[in-house]
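Please look over the model below before reading the points. They are meant to be checked against the coordinates.

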Amino acid sequence: MNDSFPVSGFSLHDADPQPGLILDGAGAVVAGNRASRELCVQTGLPSVDELLPMNVQALVTSTLNQCRAIEDVKTQHGDTILMWTFIPDCASARVLARARNATDEVRNQEEATRSNRLYRLITENTTDLISRHAPDGRFIDATPASWRLLGYWPEELRGRTLEEVFQGADAARRLAETRNQLRDDGYATMTLEILHRDGSRRWFEIASRAIRETYTGAVIEVISVSRDISARVRSEENNRRLADELAHTARLATLGELASSIAHEMNQPLATIVNFASASQRYLKNAGTNPDCLDRVDDGLQRIVHHANRASEVIKRLRAFLRKGQKRTAPLALNDVVASVVRLCQWEADKNRVRISEKLASCAPVITADPVLLEQVLINLIRNGIEANVEARGDTGERSRLVISTCVNDRNETLIQVTDEGPGLDDEGIRQMFQPFYTSKPQGLGLGLSMSRSIIEGFGGFLDARPAATGGLSLICRFPASQGHRHRPTTSESQPDE
């Protein structure tokens, strides 16, 4: 190999940064420039001949026979990738072989190919719908999951508006709100009930992100990922129905345990009605000889009406307590609810020689809750307190006291507190008492307090316990300030211990 360039119409320059070789008709190297020799050293090859492709002779023959250049012939030496171009000089039967370092280019192409393959693998097999949209919501493109989730193939969606595809009772309004949120925040999520193309109803969870123009910040495209959550929604609905069934069963069980109280509630007005009816009959018999008896009959009938209405209220209260159906939340006058529950539990308290004391807030707090479920919780707390008092007193026959109080504290939280004089619990017992199926009662199921806490949390509140100064426990229902109150407590108002 010599360093004299030109060779038969070709010229090589050492200033050329691209490796160059001149080959004869058999593919042997006739001459090479400095860049080719340096590349040979960098790659650790013994000679520049090793830089060429293995089939160099066939390539030289082909390019001379066809008298045209052959481009992008790849060779790799270690981590270095070369792309060769073979340029023929048919008159002299010589070939100029020029190489360029294509390592970065090939690596980038391979990475792009892998990324594209991964992208296609994800988009073609994902169960979620990935879609691109114009700023006005029209579909630009979508993944094949659109057929299963919406009933449209991707090519059918292109150009359609969201409102045209996502049809539903509230879909148009929700889509407009999401479009505004994307414009303002760049990101939005929503849960939407839509009508599938086959007529079935589906629930979708949709997350969208806006793509903005670099300089103006205007939204130029929206990327969305839509997931069918119909199965989850149905499962949650089934769980709610199951919870309602359990709550109804618990109310039935409570009714059985309160049977003596119910009998007392009903027997008292009925016995009074019978007494006044009998007296009125006697006065009627004497009305012919003593006209004043008619006044007594009138008074007796008025009392009969009063006690009959009282019995009717008892029936209504029990029917409401046992009613099965969806929860109905409404603003409740808390003091009235507590007074009603105390009346319902009074007979059981009297039977066990427990006096129930009410300390009700003068500010008449109002909370938002389901009245039936709230009554169920308070009955459970009072009955637990009565049983704790009986356990601590034993067979001594002494009377004990149970205090139920309401107040609004300094943080504007509404509190209901039931304090007993029972044996109390240590810290470990208090931690465990709200766990399902934990109970210290031989015949207990351990569900009452757990269910009570769940109900209070469903109203946005919290149920907890702490040791009381009486030696027993204080069970406290807390409702946050957002529940709303009529006014703040006064300084003279009795409040539970904090």
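1. Basis. This is a predicted model, in which local features need pLDDT of at least 70 and side-chain atom pairs count only at pLDDT 80 or more, while totals for chains, interfaces and linings use all residues. Residues are numbered from 1 along each chain as its sequence is written, and side-chain values use heavy atoms, with hydrogens and water left out.

2. Disulfide. The structure has 1 disulfide (a pair of cysteine sulfur atoms within 2.5 Å). C67 is joined to C90, with an S to S distance of 2.1 Å. C67 sits in the loop between α2 (56–66) and β3 (70–77), and C90 in the loop between β4 (80–89) and β5 (94–101), so the bond ties together parts 23 residues apart in sequence. Helices (H or I, at least four residues) and strands (E, at least two) are DSSP runs, numbered from the N terminus. C67 is partly exposed at 49% relative accessibility, and C90 is partly exposed at 33%. Here buried means under 20% relative accessible area, exposed over 50%, and partly exposed in between (1.4 Å probe, protein chains only).

3. Other cysteines. C407 is buried at 0% relative accessibility. The closest cysteine sulfur to that of C407 belongs to C363, 7.9 Å away, which is too far for a bond. C293 is also buried, with a relative accessible area of 4%.

4. Aromatic pairs. The whole structure contains 4 aromatic pairs; rings of Phe, Tyr and Trp (its six-membered ring) pair if their centres lie within 6.5 Å, and planes under 30 degrees apart count as stacked, over 60 as edge-to-face and the rest as tilted. One of these is F139 with F166, whose ring centres are 6.5 Å apart and whose planes lie at 65°, so the pair is edge-to-face. F139 belongs to strand β7 (residues 139–142) and F166 to the loop between α6 (162–165) and α7 (171–185), so parts 27 residues apart in sequence are tied together. F166 also makes an edge-to-face pair with F204, at 6.1 Å centre to centre and 65° between the planes. F204 is in strand β9 (residues 201–212), 38 residues from F166. F139 and F166 are both buried, as is F204. Together F139, F166 and F204 make up one aromatic cluster.

5. Nonpolar cores. A nonpolar core is a set of buried Ala, Val, Leu, Ile, Met, Phe, Trp, Tyr and Cys residues joined through side-chain atoms within 4.5 Å. The largest has 39 residues, of which L374 and I382 touch the most other members. Leaving aside residues up to four places away in sequence, I382 touches V341, V342, C345, I356, L402, I404 and V418. Another core, of 20 residues, lies apart from it and includes V56, L64, F86 and V95.

6. Helix α14. In α14 (residues 448–458) the buried residues are L449, S450, S452, I455 and I456. Their cover includes α12 (371–393), β16 (462–467) and β17 (473–479). G460 follows α14 and has a positive phi, near 90°.

7. Packing of α12 on α14. The two helices α12 and α14 pack at about 145° with axes 10 Å apart; axes are lines fitted to C-alpha atoms, for helices over the stretch in contact, and angles run from 0 to 180 degrees between N-to-C directions. In contact terms (heavy atoms within 4.5 Å), L373, L374, Q376, V377, N380, L381 and N384 of α12 meet G448, L449, M451, S452, I455 and I456 of α14.
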